[in-house]
Amino acid sequence: MHNFAMRTALRQILLAVAIVLIRLPLCAAPQSFDIVISNGHIIDGTGSPWYSGDVGIRDGRIAAIGNLAAAPRTRTIDAAGKVVAPGFIDMLGQSELTILVDSRLPSKISQGITTEITGEGGSVAPLNDAIIRADHAGYEHYRITPDWRTLREYFARLEKQGMGINLASYVGATQVRRMVLGDDDKQPTPEQLDQMKALVQQAMRDGAVGISTALVYAPAPYAKTEELIVLAEEASRFGGIYATHMRDEGDRVIPAIDEALRIGSEAHIPVEIWHIKVAGKKNWGRMPEVVAKINAARAEGFDISANTYAYTAWFNSMSAFIPPWAHDGGDAKLVERLKDPAMRERIRKDLLTSSGTWANEWQQIPGPESVLIGVVQNPKLLPLQGKTLAEVAKLWNKDPMDALFDLLIQDNAFTEVAVFAMSEPDVALALQQPWVSIDNDSEGTSPEGILGQEHPHPRAYGTFPRILRKYVREENKLTLEDAIRKFSALPAQRMRLTDRGVLKADMWADLVVFDPATIRDVATFDNPNQLSQGMEYVLVNGVAVIDQGKMTGAKPGKVLRGHGYVP
């Protein structure tokens, strides 16, 4: 009896202890992190004011934000006195070929760019043998063998080689047109339009984020609005976006916006205007009209936004000076026409005449001194890179227009130029709009190797740091928080990148650490091949591609596929 009572009492004591233990709060083991970025001023991307805190990163993602001083970690990055912000998103990057030349993309990561969106009208895919033959000069220039035919195959090549940043791509409406119609000025039959629709469907399943147009570059001007609506409808079905280099950015900029709005409305698709501008000296001062037009459309419920690189010069193919009819059949036909005296005279007359039917860049420039030779393919023309068209004309003892024609002939229409034809007040006003994000509109490049032999627009190296230096620090036209929002949360929202663009738990750890008092662009129009300075750390998917101000050579970037992607 005595033993039984003892055993019963013992069981009751153990049960009571167990109950107490169950009710006690569990003391979880402290979280462990791969990296903790400590003591920084966190600007989270939303536009909210900075706050102090630590950012803990684990397995490529942000695992915690707060006071993590006691947390175990593999590495600490001390960000005292520095800004910690989301990695920057380049809304039009153009790196689809140069990422195959130097996959680190030094010009991008030195600006803090961790994600690029690309594919302006003429996307890297789909491809066929006819397009490859027509574009052989570009592939040869970069010593690239195009061994892909679809976006899926191109993305697979990127993933196999690795890359320094994340990349997403549109499918270009121009590319789809060339696949079916070539470079000719003609309209598709119903059967051909069905083929084009099928190509858009395939690209969206391959991971395209939407469909794009660049309506000033032949053969794109041959496409009528109705054709673009039909193709945009296909992209819309897969959750895509319609992005456009509009049909006109000068005299007829308002009708061009109307066309973009019509496409968006009838195809039920959001609209993104690339590198919004008012081009041409006689249009300077019209940006308030453009802003009012878009604000009115947004007030009516149209989902339309835009981006800018915030320089007063654009950069494009010199062949864009030539009227669309002369491009019929492609670059080889264009060169033939430039060599034909009668055709050449007709082209000259068109350039000297204001037109309501095409974007006449010759009428937009103040003069030939406003055209800077950037990139050439013919090695014999390399000494001309960095010279103006006026200087080339003087060197060759020719009329500037003849110099333009002859340069295109000698370079097989490959030449790229910077064109100074925007006003600074217009550029600044566009930048300040709350629905305007940032695009680099330049391929990733490097001061080294074959890329370093080119003479690009300085925006290739400087866009984002220049905005932080010029428009935030020096001119106070943006707050630092709003600039970061335009670099991160705003473009992520537009591109539906739901796990990037903001600093919060569970997001991919694309981050930058920099001193806002010292970050700056270095590239100039005279000497563009200079990396921006001031990015102390740039992390892509939790891996440092810039560490203590130096490139690591790491390639942690991912292909970012659209919502229509089918594995």
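**Figure 1. Accessible surface and overall build of the predicted model.** The protein exposes about 22400 Å², of which carbon and sulfur atoms supply 53%; the model is a predicted one. Of the 567 residues of the protein, 59% count as buried. The chain contains 19 helices and 21 strands. Its radius of gyration is 27 Å, close to the 24 Å that the globule rule gives for 567 residues, so the protein is as compact as a globular protein of that length. Along the principal axes, the C-alpha atoms fill a box of roughly 125 × 55 × 45 Å. Among the contacts with a separation of 6 or more, 76% are accounted for by residues 24 or more positions apart.

**Figure 2. Charges and salt bridges of the protein.**

**Figure 3. The salt bridge between Arg 104 and Asp 102.** The side chains of Arg 104 and Asp 102 meet in a salt bridge with an N to O distance of 2.9 Å. Asp 102 has a relative accessible area of 14%, and it is buried because this value is under 20%.

**Figure 4. The salt bridge between Asp 258 and Lys 293.** In this pair the side chains of Asp 258 and Lys 293 meet with an N to O distance of 2.5 Å. The pair links distant parts of the chain, since Asp 258 belongs to helix α9 (residues 253-267) and Lys 293 to helix α10 (residues 287-299), 35 residues apart. Asp 258 is partly exposed, with a relative accessible area of 35%, and Lys 293 also counts as partly exposed, at 26% relative accessibility.

**Figure 5. The salt bridge between Arg 494 and Asp 303.** Arg 494 forms a salt bridge with Asp 303, and the closest N and O atoms of the pair are 2.8 Å apart. Here too distant parts of the chain are linked, with Arg 494 in helix α19 (residues 489-495) and Asp 303 in the loop between α10 and β13 (304-308), 191 residues apart. Arg 494 is buried, with a relative accessible area of 10%, whereas Asp 303 is partly exposed, with a relative accessible area of 40%.

**Figure 6. A network of salt bridges.** Arg 344, Glu 345, Arg 348, Lys 398, Asp 399, Asp 402 and Asp 406 are linked to one another in a network of salt bridges.

Notes. Residues are numbered from 1 along each chain as its sequence is written. This is a predicted model: local features need pLDDT of at least 70, side-chain atom pairs count only at pLDDT 80 or more; totals for chains, interfaces and linings use all residues. Side-chain values use heavy atoms; hydrogens and water are left out. Helices (H or I, at least four residues) and strands (E, at least two) are DSSP runs, numbered from the N terminus. The radius of gyration is taken over C-alpha atoms; the globule rule is 2.2 Å times the number of residues to the power 0.38. Buried means under 20% relative accessible area, exposed over 50%, partly exposed in between (1.4 Å probe, protein chains only). Contact means heavy atoms within 4.5 Å. Accessible areas come from the Shrake-Rupley method with a 1.4 Å probe; for residues, only the protein chains shown count as cover. A salt bridge is a side-chain nitrogen of Lys or Arg within 4 Å of a carboxyl oxygen of Asp or Glu.
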